[in-house]
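Hi everyone, thanks for coming. I'd like to walk you through a structure that may be new to you, so let's bring it up on the screen.

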Amino acid sequence: MLELQNVSYRVSDTDGEREILHDVSLTIEERFVAITGPNGGGKSTLAKIIAGIYQPTEGRILLDGVDITHASITERAKLGISYAFQQPVRFKGLTVRDLISLAAGRDLSMNEACAYLSEVGLCARDYINREVNASLSGGELKRIEIAMIIARGTKLSVFDEPEAGIDLWSFGSLITVFEKLHETVNGSILIISHQERILNIADKIVVIAGGVLQAVGSREEILPGLLGQSGACPVLKQKM
Amino acid sequence: MNDIQKNLLKQVTELHEVPTGAYNIRANGESAGRRTTANIDIVTKTDKPGIDIIIKPGTKNESVHIPVLLSESGLKELIYNDFYIGEDADVTIVAGCGIHNGGDADAEHSGIHRFVLGKGAKVHYVEKHYGEGDGNGQRLMNPTTVIEQAEDSHMELDTTQIKGVDSTKRVTTARLAAGASLVIREKLMTHGKQYAETDFTVDMDGEDCSANVISRSVARDESHQIFRSAINGNNRCAGHTECDAIIMDKATVVAIPEITANHIDASLIHEAAIGKIAGEQLIKLMTLGLTEAEAEAQIVNGFLK
């Protein structure tokens, strides 16, 4: 179980000090939790705070009751947190097999590595020895990123907009991957998404906007409200 | 061979004992073993130090190993090795130099290798440079490679220098006839105060010949690298040169790619990139449970693999 207690995150830049997240308290113990909300609302920042890439300016983070607020990225990874980047990183020279082996924490046999790739709908034979470089498309990189998280098999997996930047063709099968993950996962999945089909399989939905937790509840409680305002501009709404 | 020399041999050829096929092992300036085959002859030069390696036309799937081992401090040598590869032969040539310098005097090996490829000949040339030893003497290597390719010949040159060479200046020139192709892959890592200079010049003279020169290097500590690659398209041809370097610590790298088109149908590309390891690469591997140092090692090893 992951607990965020009164987490705030401020940054200083040329415009002075800005608060990206304000007093966020949240508990994640369900199998599948979706975070949604407008762009720039603080969702990705929250994911990075959970992974340890950013340190909160205030508040505490607990994993199974242990305070990990000041734990490093590596320590959190070892404690059981996985984090799939919104924009996967390319590596010259490292192959798909290298990365999946690093994720699994041991040298994988051809068959084992292939099994993870098959999970995300990639034909392993075509990919296993390819370099994770610019020759792979955005959709392929996304799937490899997800395969790495599956290979880690940790108790908390955080996915930052897995659907962002992939083509419509890949999207359908990506949703299938998450539907399957929902069925088979041993721990919790925390997924940042705008996609109705993803929200539809969530046990809990969290809405973040303007750095503040707007709503937390079950799919039945939250989803109708979200869909009702889809496409609506709040300024226009007020004028009407 | 003593244990030090055996280890040097292993480092530069990845062999534990004497190789199969033809070979010539040079240790501390003297011949430490030679074997010829029905198709591959090795002859000691009479006018200057070095050997001629003569490969008969049509020789297939044979290999020649010519490692050079230096374990004596203060030894300096300049060797001329000429390779004559007959028409339609297809061979692998493994060269390499290992220096163990445990003394205070410099040890230096300079080799001038000339390859003359007959029509349709194929050569895979693998060269590895390695230095070790805890003496104060420098370990110096200055290889020169001269390549002359006849029509439709193909040469691949893999050159690796990962460890222990204090100063190196590598000069490679190639001249390609019609339909010939050349691929050069350089891998280089320098550390400490090492200095490495690479200079490739390829003249693409014949119609439809091609050249691809790729260098990947890592410069650490206070080391300094200079990479120069000049490709001249003198006919209808395709040329590509790429230099990719990671800099770390206080190292410095200069990349000077140069392409010259002397013909309207010459198609030439150069790419050069120098930069430190991207922060997001380190973070990604740390989210898999690696420490920052482990992540850095994985990235560097993968880059030079």
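How many bridges join strand 4 of chain A to strand 5 of chain A? Before I answer, please keep in mind that this is a predicted model. The answer is two, and the strands they join run antiparallel, with strand 4 covering residues 58-63. If you want to find strand 5 by a residue, look for A:Val66, the bridge partner of A:Leu63.

In chain A, four strands form an open sheet with antiparallel pairing, and their order is 2-1-4-5. Strand 2 (16-28) and strand 5 (66-67) of chain A are the edge strands, as each pairs on one side only.

Next, the place where the chains meet. Chain A brings 20 residues to the contact, and chain B brings 17. On the chain B side, helix 2 (279-286) and helix 3 (292-303) each supply at least two residues. Helix 2 of chain B gives the largest share of that side, with six residues. Sorted by class, the side of chain B that touches chain A has seven nonpolar residues, six polar ones and four charged ones.

Last stop: B:Thr44, in strand 3 of chain B, residues 40-44. Is B:Thr44 buried or exposed? It counts as exposed, because it has 11 C-beta neighbours inside 10 Å, and the cut-off for exposed is 12 or fewer. From B:Thr44 to B:Thr260 we go 216 residues along the sequence and 39 Å through space, C-alpha to C-alpha.

Notes:
Residues are numbered from 1 along each chain as its sequence is written. Chains are lettered from A and ligands numbered from 1 in the order in which they are written. This is a predicted model: local features need pLDDT of at least 70, side-chain atom pairs count only at pLDDT 80 or more; totals for chains, interfaces and linings use all residues. Two residues are in contact if their C-beta atoms, placed from the backbone, lie within 7 Å. Ala, Val, Leu, Ile, Met, Phe, Trp, Tyr, Cys and Pro count as nonpolar, Asp, Glu, Lys and Arg as charged, and the others, Gly among them, as polar. A residue is buried if 20 or more other C-beta atoms lie within 10 Å of its own, exposed if 12 or fewer, and partly exposed in between; C-beta atoms are placed from the backbone. Two strands pair if DSSP finds at least two bridges between them.
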